[in-house]
Amino acid sequence: MIKYIVKRLLLIIPVMFAVSFIVFTVLRLGPVDPAQAYLLNSRIPPTEEALAVTRAELGLDKPFFTQYALWLKGAVQLDFGMSYMTKRDAFGDLMYYFPTTLKVTFLAMIVVIIVSIPLGILGAVKKDSLADKLIKFFSFIGVSTPSFWFGFLLIYLFALKLNILPPFGLEGISSWIMPILTLGLMSSAINTRITRTSFLEHINNRSVWYLKVNGVHKNTVMGKYVLKNSMLPVITSLGMHFGELIGGAVVVEVLFALPGVGRYVVSSITNHDYPVIQCFMILMTGVFIIVNLIIDIIYVYLNPKIKYGA
Amino acid sequence: MCKKLISINDLSAGTNKYQILHNISFDINEGEIVCLLGQSGSGKTMTALSILNMLPLNVMQTSGTILYDDKPFDENMRGSFISMIMQSPASCFDSVFTIGAQFKDILLSNNKEYSIDKVCAELEKVELKNPHDILNSYPFQLSGGMLQRVMITIALSLDSKIIIADEPTSDLDITGQKEIIDLILKLKQENKAVLMITHNLAVAKSCADKIAVMDKGRLVDIFNKNELLAENRHKYTKELIAANNRLYTNKWNIDLGENYAEM
């Protein structure tokens, strides 16, 4: 197990290198000249003269690989360069906004877990009952509702009509409720379906039948054997949904005016603020890799078939 | 004479569209091995499921009674009074729990003590080496034959009066089959009754005291082992014997049980 974890941790290094190279290259392929973007962000007319000075200043006149090496050298020391827009350290700026985004994402993840797993199991155990039909209806609606629209509905109901939750900003715990519900809705709905299907699949397993026929109580069979088996695909799916959530956080941050990284990055993209975009992509990759590593470790812990290489 | 452990009387079952079992009656006595013989789809497994009260949701028992030691069925009988050995044991054990954990849960659920030493001793009795390793391994790490032995050990440890064995030999090779049959014969020595379901006449002949032949949901013939070749056998039984002779004896002459080749 420890060997597996160390192996996976070491694998992060080449993956991050590859991602950094791709990120750097792809952005350089864009139609906008970084020097021009820099000047426009600084409200300086991009004359030939000014462009030449800026290129020299930002090191853009050096060969491509030299540029990459210099940037990478800084990046491993968490120095991703200066934002063209704010003229501040890009990493520092992002780190100012990043905690809010991570918080929204993780809280939404928790919502997804505590909504989808119990609902999915309930639906499977009480298959075809009224509860199951309601759960199916919820997941159907949840999957097909655009999250920004659901957010508007929540604001309309809880902020405008009932006036019990603040419509935007971050003031205390209550202001987190609507954003995380908005963000978590779709993933909860999908995961409810996955949990339900997976649980149903295992209820009819021969192994379950064998235990029951030899007198093991239904509750033990369901709560221990079926549960552990059916959680395997659910865990994988949760890992996938983490990426979806962190991407969806941008929409939610705009909708509820949260001071998260999303709004900042969107404006960086429209302004071609390369250092910030690069730093953001590297950060996101890092978080995504780490979360999925944790998910994989949980998966291996639960599934001995992988642990023993069968 | 012997005590009737299970007595099936006029059992019929079916879905709302068609009938699966037609008026089946037979008894299983203490210390007796009864073989249910028949081709796929003849209703052998459905009969066993009726005994276990585990019929699929869309199948209902339409008539008849099953008495267990003169008592009607109750849930607590599963495990303590009837236990089961199944075919394809690799899929009967849960692959995310160790064999030991499943063994333990089955015993504890039936108010039996689970002590590792005792279980290991039992496993050694069925000629499994390194019983500790077996308890700590997962089903996919063991072979079919080993798992089948573990299953038999579980049935033995449960100390139930009657064991239903559903095709316990069907996915094992000939030597494996023979070893499992020997173990089932040992069960008989411990005064357990066994209901063995098989489509293999040779297997039935090598271990049964009584053979019940099923065809299309009906019990067509029931007789003691030594009456297999008697004149008054049902037409279907005779066909089975003839087919079996054509299949095996001329080609390979495999000796599975006593007198098998001359059958």
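Modeller: A salt bridge is a side-chain nitrogen of Lys or Arg within 4 Å of a carboxyl oxygen of Asp or Glu. By this rule, there are 18 salt bridges over all chains. This is a predicted model, in which local features need pLDDT of at least 70, side-chain atom pairs count only at pLDDT 80 or more, and totals for chains, interfaces and linings use all residues. Residues are numbered from 1 along each chain as its sequence is written, chains are lettered from A in the order in which they are written, and side-chain values use heavy atoms, with hydrogens and water left out.

Colleague: Which residue forms a salt bridge with R8(A)?

Modeller: The partner of R8(A) is D296(A), and their closest N and O atoms are 2.6 Å apart. Helices here are DSSP runs (H or I, at least four residues), as are strands (E, at least two), numbered from the N terminus.

Colleague: And E122(B) with K125(B): is each one buried or exposed?

Modeller: E122(B) is buried, with a relative accessible area of 19%, whereas K125(B) is exposed at 54%. Buried means under 20% relative accessible area, exposed over 50%, and partly exposed in between (1.4 Å probe, protein chains only). Their closest N and O atoms are 3.7 Å apart. The two are separated by about one helical turn, because they are 3 residues apart in helix α4 (residues 116–125) of chain B.

Colleague: Changing topic, how many residues of chain B are in contact with chain A?

Modeller: On chain B there are 30 such residues, and they touch 23 residues of chain A. Contact means heavy atoms within 4.5 Å.

Colleague: What is the area buried between chain B and chain A?

Modeller: That area is about 2400 Å², and carbon and sulfur atoms give 64% of it. V96(B), F97(B) and F140(B) supply 23% of the area that chain B buries against chain A, more than any other three residues. Buried area is the accessible area (1.4 Å probe) that two parts lose on being put together, summed over both.

Colleague: How many salt bridges are there between chain B and chain A?

Modeller: The count is 1. The side chains of D105(B) and K224(A) meet in a salt bridge, at 2.7 Å from N to O.

Colleague: Which element gives the largest share of the side of chain B that touches chain A?

Modeller: The largest share, 5 residues, comes from α3(B).
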